[in-house]
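This report is meant for a reader who is meeting the structure for the first time.

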Amino acid sequence: MFRNVGSNWAITLVTIVAAYVLTPFTIHKLGDAAYGTWNLINSITGYLGLLILGVPMASVRYFAQHVADGDVRKLNAAIGSCTALYLVLGGVVLLVGVGLYAFFSVGYDIPATVRGDAHSAFVLTVLYVAVGFVGMLPNGILSAHDDFVPRNMVRLAGVVLRLGLTLGLLTLRPALSVLALIQLACLAFDFWLCTWLIRRRYPGTRIRLADFDWGMVRRIVSFSLYVLVLSAGARLSFETDSLVIGKFQDVSSIPYFTVANSFVLYLMEFIIAIAAVVMPMATRLKTQGRELELRETFLKWSKIALSLTMMAGLFLIILGPRFIAWWIDPAFEAPAGQVLQILMISYLVFLPVRGVALPILMGLGKPGLPTIGFLVSGVLNLGLSIALARPLGLAGVALGTAIPNVLFAALVLVQACRELETPVAEYLRYVVPRATLGALPVLALLLWFKLGLEVRSLGGLAGAGVAMVLLFSVTWVLFVYRNDPYVDLRGRLAALRAGGRA
């Protein structure tokens, strides 16, 4: 599991580095208004993703179950059924996209300088979402086989391709439609390379409509409806802020929120790298009756997720605004920095639950309460953001996201502990106290860099980051994980030293 999660982390880090290069480049090439319009297009068309009805997550669950049972016939039936579903739902996306195009054209005041290009980009993005449904299929097959390392090699190639195309093509023609075409090209590259990989590694596995099975479709859809509700909640929680800001302020304000939000979203991707491995593993452990291992996985990875969230989160809360000022522009420091701090404080609670407890519940086939909770959280997020956008501006939109996040995390944690027969008090005793105490020296160090040394340059911020990681590592080895029943860091280091001497 560590190898699979590690490969997910590696690709997430590469993606973050690519975003680090591309975000300021794209903003400066397009301008605030055009970049804000691009974010608005993605927010609106993102709702088309709900039409996939949660089939990808449901498919991984059933794929993993059939792989664990060694039943190739049922696996192929599930793949063929999902292929048919994806094609039908992709057609629905194209139809609904026509209505959303009208909504985008009439409902928002797009600057005249980018209006025509924005309309072309909207159409291409709808097409990207539609064909992207089928594009998800190879990823689900590889995840069910625990083939995260080769899958992530393909993703790495895709990130490099996107980086090269964006830098090259936007230099030649800075346009929103160019960004949309790059998305389509990268999707095609990823699909065909993953399909080739599946044929090489699993010759008995087929992707064809002839294996379609109505019974399998009913089982997939019955579970995927819960995932649909979960996806709707996630969309309302994390992807509606641009819509609110564009409606109640203006599209030029969107980049200030988006830049800040990108930090927490990429951190969430880093934690969800754990979830991508935990969910199919929970299904297998449950199928094989290994409940004790499942409970150990829950506790062990929850503490790891909290530790990683704290390390990155403290840096973002203390020095994140100054990094934004250096990275994008000094004008972004105050508005974007405030948004980042508000969001990140809530994510200290939300991310460990999102990364471990939630995927375990989905893997166990217990999606009811968390999916309804996520939907309610998303609706509350939308309502609070609209109510607070005018009086508090961008900070109000951030608070509208932060408050529901914390409430949702508490709900899911209680449910996961109940399903795994682990008292909440036991979970809290193992996961929280030592990690929190271990974070205090790290917090003091970062405050010293900010208030004592007044770091603002890239060198100063990088030095603060390196010092923080070193102190974090020492503290976690000597204190947080000392005598830990599940993760013996000191023992692992001793074994590595012994191996090096040998």
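This is a predicted model: local features need pLDDT of at least 70, side-chain atom pairs count only at pLDDT 80 or more; totals for chains, interfaces and linings use all residues.

Helix 1, which covers residues 2–30, supplies the largest share of the nonpolar patch, namely three residues. The patch as a whole has an area of about 460 Å² and is made by Val17, Tyr20, Val21, Leu167, Trp326 and Leu458. Leu458 belongs to helix 18, which spans residues 458–480, and this residue counts as partly exposed because its relative accessibility is 37%.

## The overall make-up

The protein contains 19 helices and zero strands. Of its 502 residues, 55% are buried, while the protein exposes about 20,700 Å², with carbon and sulfur atoms supplying 67% of that area. When contacts between residues at least 6 apart in sequence are considered, 85% of them join residues at least 24 apart.

How many of the 37 residues of helix 12 are buried? The number is 30, and the helix is accordingly described as mostly covered. The end C-alpha atoms of helix 12 are only 47 Å apart, which falls short of the 54 Å that a straight helix would reach at 1.5 Å a residue. Helix 12 also bends by about 65 degrees at Leu319, and the proline Pro321 follows within four residues.

Ser302 lies in this helix, which runs over residues 291–327. Is Ser302 buried or exposed? Ser302 counts as buried because its relative accessibility is 1%, and the cut-off for a buried residue is under 20%. Apart from neighbours within four places in sequence, Ser302 is in contact with Thr297, Pro352, Val356, Tyr427 and Val431.

| Salt bridge | N to O distance |
|---|---|
| Arg295 and Glu426 | 2.0 Å |
| Asp484 and Lys303 | 3.0 Å |
| Arg456 and Glu333 | 3.1 Å |

The side chains of Arg295 and Glu426 meet in a salt bridge. This pair links distant parts of the chain, with Arg295 in helix 12 and Glu426 in helix 16 (residues 424–431), 131 residues apart. Glu426 counts as partly exposed, given its relative accessibility of 25%.

A salt bridge also joins the side chains of Asp484 and Lys303. Because Asp484 lies in the loop between helix 18 and helix 19 and Lys303 lies in helix 12, the pair ties together parts that are 181 residues apart in sequence. Asp484 counts as buried at 10% relative accessibility, and Lys303 is buried with a relative accessible area of 2%.

Arg456 forms a salt bridge with Glu333. Since Arg456 is in the loop between helix 17 and helix 18, and Glu333 is in helix 13 (residues 333–363), this pair ties together parts that are 123 residues apart in sequence. Arg456 counts as partly exposed at 42% relative accessibility, and Glu333 counts as partly exposed at 21%.

## Positive phi angles in two loops

Most residues other than glycine have a negative phi. Against that background, Glu454 has a positive phi near 55 degrees although it is not a glycine. Glu454 sits in the loop between helix 17 (433–452) and helix 18, where it is partly exposed with a relative accessible area of 46%. Asn483, which is not a glycine, has a positive phi of about 55 degrees. Asn483 is found in the loop between helix 18 and helix 19 (489–501), and it is exposed, with a relative accessible area of 69%.

## Two further helix residues

Glu419 lies in helix 15, which covers residues 394–419, and it counts as partly exposed at 29% relative accessibility. Leaving aside neighbours within four places in sequence, Glu419 is in contact with Leu361 and Lys366. The C-alpha atoms of Glu419 and Leu364 are separated by 8.9 Å, although these residues are 55 apart along the chain.

Ala102 is located in helix 4 (residues 72–107) and counts as partly exposed at 41% relative accessibility. The C-alpha atoms of Ala102 and His119, 17 residues apart along the chain, are separated by 9.9 Å.

Terms used:
Residues are numbered from 1 along each chain as its sequence is written. Side-chain values use heavy atoms; hydrogens and water are left out. Buried means under 20% relative accessible area, exposed over 50%, partly exposed in between (1.4 Å probe, protein chains only). Contact means heavy atoms within 4.5 Å. The expected span of a helix is 1.5 Å times one less than its number of residues. The bend at a residue is the angle between axes fitted to the seven residues ending there and the seven starting there. Patches are made of residues with over 30% relative accessible area and no salt bridge: like charges are joined within 9 Å, nonpolar side chains (Val, Leu, Ile, Met, Phe, Trp, Tyr) within 5 Å. Accessible areas come from the Shrake-Rupley method with a 1.4 Å probe; for residues, only the protein chains shown count as cover. A salt bridge is a side-chain nitrogen of Lys or Arg within 4 Å of a carboxyl oxygen of Asp or Glu.
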